[in-house]
Amino acid sequence: MMAILCSDGQMSISDVQDECIRQKWIPLLTYRKVNDDIIYLPVFTIEDTARNFIKRNLPKKWTHAGIWLADKDLEKIQHNGWKIEHFSFPRKICSDPSIQLGFDIHEFTSEPDLTYKYA
């Protein structure tokens with residue numbers, strides 16, 4: 001499964017590569033619904049779907065990239081209480097007033113695999 005590396009523009013892709021990936025932590029795109037405190041992690045099986053999701057939902061000034069998640073990482077994310085939501089198409093969620101997009105830090109079990117840069 002692929003997740004989206006996401007920063008609000010404070011870190012560049014090179015900052016993420018130099019600092020975050022080597023230290024095995026990444027800011028991942030997440031969202032919350034206004035009425036609950038659950039962290040939702042959008043994941044994708046196809047890179048193009050993730051790219052199109054980014055184009056439809058995230059500000060251009062934010063830093064974006066794809067990150068492949070190992071099964072161990074998915075298990076750890078679920079153990080930490082995050083809910084994984086599979087997207088099979090790049091649904092637009094940013095205009096939904098009940099959803100707040102953001103990012104949360106995930107500590108990986110091994111050095112994460114940055115698959116593409118889209119900044």
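**His106.** I started with a side-chain pair: His106 and Asp73 make a polar contact at 3.4 Å (N or O atoms within 3.5 Å, one able to donate a hydrogen and the other to accept it; residues adjacent in sequence count only if both atoms are side-chain atoms). This is a predicted model, where local features need pLDDT of at least 70 and side-chain atom pairs pLDDT 80 or more, while totals for chains, interfaces and linings use all residues. Numbering runs from 1 along each chain as its sequence is written, and side-chain values use heavy atoms, with hydrogens and water left out.

His106 sits in strand S6 (residues 99-107); strands are DSSP E runs of at least two residues, helices H or I runs of at least four, numbered from the N terminus. I have His106 as buried because its relative accessibility is 2% (buried is under 20%, exposed over 50%, partly exposed in between; 1.4 Å probe, protein chains only). Beyond four places in sequence, its contacts (heavy atoms within 4.5 Å) include Trp25, Ile77 and Trp82.

**Cores.** Of its 22 residues, Leu5, Ile26, Leu28, Leu41 and Leu69 touch the most other members. H1 gives the largest share, four residues. Apart from it I noted another core of 15 residues, Tyr31 and Phe87 among them.

**Rings.** I counted four aromatic pairs (ring centres within 6.5 Å, Trp by its six-membered ring; stacked under 30 degrees, edge-to-face over 60, the rest tilted). Tyr31 and Tyr40 are stacked, because their centres lie 5.1 Å apart and their planes are at 10°. Phe44, Phe53 and Phe87 form a cluster through ring pairs.

Notes
Core = buried A, V, L, I, M, F, W, Y, C linked by side-chain atoms within 4.5 Å.
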